[in-house]
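Have the structure open as you read.

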Amino acid sequence: MQILLQLIVSGLSVGMVYGVIAFGYQLTFATSRTLNFGQGEALMLGSLVGLTTLNFLIGQAIGTFWGYMLMLPVVLVFGAIQGSVVEWLGVRPALRVKSESGWIMATIALGIIFRNLAENVWGRDALKFPSPLPEASLNLGGVRIQPMEIAIVVGAVVLMAAVEVFNRYSIYGKAVVATSNDREAAGLMGIDTRRVVTFSYALSSMSAAFAGVLVAPVTLTGANMGAVLGLKAFAVAIIGGLSSGVGVVVGGLILGITETLTGYYISTGYKDVPGLVLLLVVLSVRPAGLFGRTAIKKV
Amino acid sequence: MSRIVWLAAIVAVLVAPYAVTSPYYLHLLVTIAIFSIVTLGLDVVFGYTGEVSLGHAALLGIGSYTAAVLSMHFGLGLWPAIPIAITVTAGFGALLALPALRVTGPYLAMVTLAFGTIVQILINEMTDLTNGPLGVKFVTPLFFDWRPYAKMLPFLDMSMKRMKEMQYFYLAAVALLLTILVINRVLASRYGRAFEALRDSPIACDCMGVSVYKHKVIAFVLSAAFCGLAGVLFAYSEQYVAPNNFTFELSVQFLLAVTMGGRKSRLGPILGAAIIVYLPNLLADIALFRIVAGGIAAVALIGGTISIVRERESWRRIAAPVALCIAFFAFALALQKITDFKLAIFGVMILFVVYYLPDGIVGFLQRLVVRRAGAKILADPALASRPEAEPIAIRARAEGGAALLSVDEVVMRFGGLKALDGVSLSVAPGSIHGLIGPNGSGKSTMMNVLTGVYAPTDGRVRFAGADIAGHKSPEIALAGIARTFQNVQLFGELSVLENVLVGLHHSYRSGFFAIGARLPSAKREEALARARAMNILEFVGLKALAAEEARNLPYGKQRLLEIGRALALDPALLLLDEPAAGLTAPDITELIAIIRKIRDAGLSVILIEHHMDVVMSLCDAVTVLDFGQKIAEGRPEAVQRDPRVIEAYLGSGAAAHAA
């Protein structure tokens, strides 16, 4: 029982990271029916830029904690810029020529380019990311948990809540929602839907970059950290439903916990398998995802 | 023409091992042939159905590892491995496609991407079965020992190594030629038409009884089967396979190959395969890379200049790609160590191809050299007068005296809005039933409920004795309900004849084997269907336009073609959604005559129409809807006088005045 609880707690923080990345997929899918196949690379770049900034700040004799706090805005801004670049180079031209699949290949290509550039700047090895919180585990009723794991869950929830609040209560957010509902009608109402799409990409990569600096102190960082995370988040997005905000959180938690359980009870080698299995099962049973609604297409 | 191409291909294959004596380059040719099998298969999915697969490298791996398992654990060699690997890989294809294609969107790409990663992990982990990361060795088989015939074959190298290489080359080449042949035949068959149709208009495809879902799955499974074949050939050609042969990057390369070579052609994917096989060499040698980059820049500059001079494109559209090519050349010159930036260069190549070469090299050359000639005349007049190919046939009949269609208290709710609120109606066999009402009264919603586009929230729909409410469109279509669309939904890029042939999809029986082997039964079937299609076109007065692309027809003719295509389904009930909208007066007269003929042949018709003269002159009974409710029903002249109908159309004042 103790072990099971421990596994679930460990799965929670991983699951939240998946959830945040999948949340990023949702943001862009809602406004443009496209998503960034290089989202994992956005996370990786965010994390590496964060590492460099943090090391610089620590070098300026600012403590790790305050250094981390000062680094966050830098990473968020960087993520937003990176996302805009992806949209500008990879997605906009594809949407303009109404290509069904061009954006998939273009975002993959950009992901490959970003990874290659990162390898040349930061090297191919995994790097240690200084933790802003004590690394000693807390013992809560026999369950060991790292302070940073708690920070991941809190940070992820705060980020998603902030975006939700923005979408609901600000006029810019309403433009985003309107564009999600009907891009053409929103355009006719004077909303610059192209800017909304760019904005959603900026927001999406920003979330991924944020997830990158959240997870990096617990795992390691490096040019190759992104691919697997981006992939897992695909599974989460489909399991939860590409159109459901609650879905990604629950989907992320389901996947995170299933993985730690599989890793412990079967073999760490098979840790990545349940993602695909769950993905196929959910698509067979509820194609719109556990929490998604089936859209009725009008003829 | 095509015979000459085939002959040239066969001759090229025969002499290739004599022209290419280096074992290295011969092996490269074999790899190109094997990868071509994959890319040709991928083109069926990616080019024709428009779905993206990022798992073709993994499927190739499954083919190779099936061969590995068979040879390691069962001592089975190349020949038994081929059919088994094809079956196994097709099975995996079905496992992926069946769930992933249920929803439209980038789901197949996401699922196959995940699959690709998992396959690599599993091959690594399941060491008992696959030998894990250590990989598996193969021995290239010798099929035929030609040393005893040394005197008769003086021009052949008789060393064991060379014999194996040459024979394996021939094997791979034959496999490639067979692949091309089969794909050509499948694409020319009803399947190929279905693949094209489902992209043009998925909804019309479903309503013609050609399930979009089913045919996308078929395309993917077919494509996976070719990966299985290629996988076995690849394993025995490389003589060693390991999990990292089948990476995500390879899948992306396959996609790049199809796009760069040119989608929807045979030459394109082969050209693309040659490029990706040669790519590592290109990216390993900086001098060569600079030369190629320079060449591309030169071609882009010259091509761009020509285009501007001939005023084919504006300079704005040309400037960006040309500048990019030149910048790329400059980058190549500045580059010190190419290996560090290999992947980035690969990424830039993809971007360039996606945006500036979307039709691929083949498509680009076709556009540059020749404007494509118009569609060939496919109709053979000798076929067109066969007695068994009657234009109208009916598949379902009402059970003795009962109504053909009875709709009972149907409710269709969209959120809070009830588009249909407890509507009942019944259509007698062989009658024309009008469905009228002001805009937004629920007529088209009713059509969509009847054809399975929407599943009704509540209520029953019985057709020819069976309950069809909530059934899927293709099922309902095959049960005998055909329709046309208010906003015309033709398969624009198919010819007029082919549009009708998609409607006749249900009349075919032959499967892939019969089509691939071109059995006489399959040929007969196709000929009969074409004759039937010509008769249908004659019936709706479009015979002379059979070879024209559907999107080129004038609007009125497009509506007639939709009726023809619907008739091809052999329906018992035909739903016409505003067939007269946008038609000129003479067109309308023609339309009325055609609808009468259809009724006289025994079909029932439901007619939605705003032209009251058409409704009044044709209909045996009329149902009037308003705000989702039925407000009147009966003979046309009675309905016309009904005050509630007048009120619905003209407002209450008008009703009082009429009364």
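This is a predicted model: local features need pLDDT of at least 70, side-chain atom pairs count only at pLDDT 80 or more; totals for chains, interfaces and linings use all residues.

Let's begin with an open sheet in chain B. Four strands make it up, in the order β4-β3-β6-β7, and their pairing is antiparallel. At the edges stand β4 (417–427) and β7 (466–467) of chain B; each has a single partner strand, so one side of each is left without a neighbour in the sheet. Strand β3 (residues 405–414) of chain B pairs with β4(B) over eight bridges, and Leu405(B) has Val427(B) as its bridge partner there. Lying across β3, β4 and β6 (458–463) of chain B is helix α17 (residues 443–450), which runs at about 70° to β4(B).

Now move on to strand β9 (residues 573–577) of chain B. Five of its five residues are buried, so β9(B) is largely enclosed by the rest of the structure. In a regular strand, side chains alternate between the two faces of the sheet. Here Leu573(B), Leu575(B) and Asp577(B) are buried on one side, and Leu574(B) and Leu576(B) are buried on the other.

What does β9(B) pair with? The table shows two pairings.

| Strand paired with β9(B) | Bridges | Direction |
|---|---|---|
| β8 (residues 481–483) of chain B | three bridges | parallel |
| β10 (residues 604–608) of chain B | five bridges | parallel |

Arg483(B) stands opposite Leu575(B) in β9(B), while Leu574(B) has Val605(B) in β10(B) as its bridge partner. From β9(B) the chain crosses through helix α23 (residues 585–600) of chain B to β10(B), a right-handed β-α-β crossover.

Definitions and conventions. Residues are numbered from 1 along each chain as its sequence is written. Chains are lettered from A and ligands numbered from 1 in the order in which they are written. Two strands pair if DSSP finds at least two bridges between them. Two residues are in contact if their C-beta atoms, placed from the backbone, lie within 7 Å. Axes are lines fitted to C-alpha atoms, for helices over the stretch in contact, and angles run from 0 to 180 degrees between N-to-C directions. A residue is buried if 20 or more other C-beta atoms lie within 10 Å of its own, exposed if 12 or fewer, and partly exposed in between; C-beta atoms are placed from the backbone. A crossover is right-handed if, with the strands pointing away from the viewer, the path from the first strand over the helix to the second runs clockwise.
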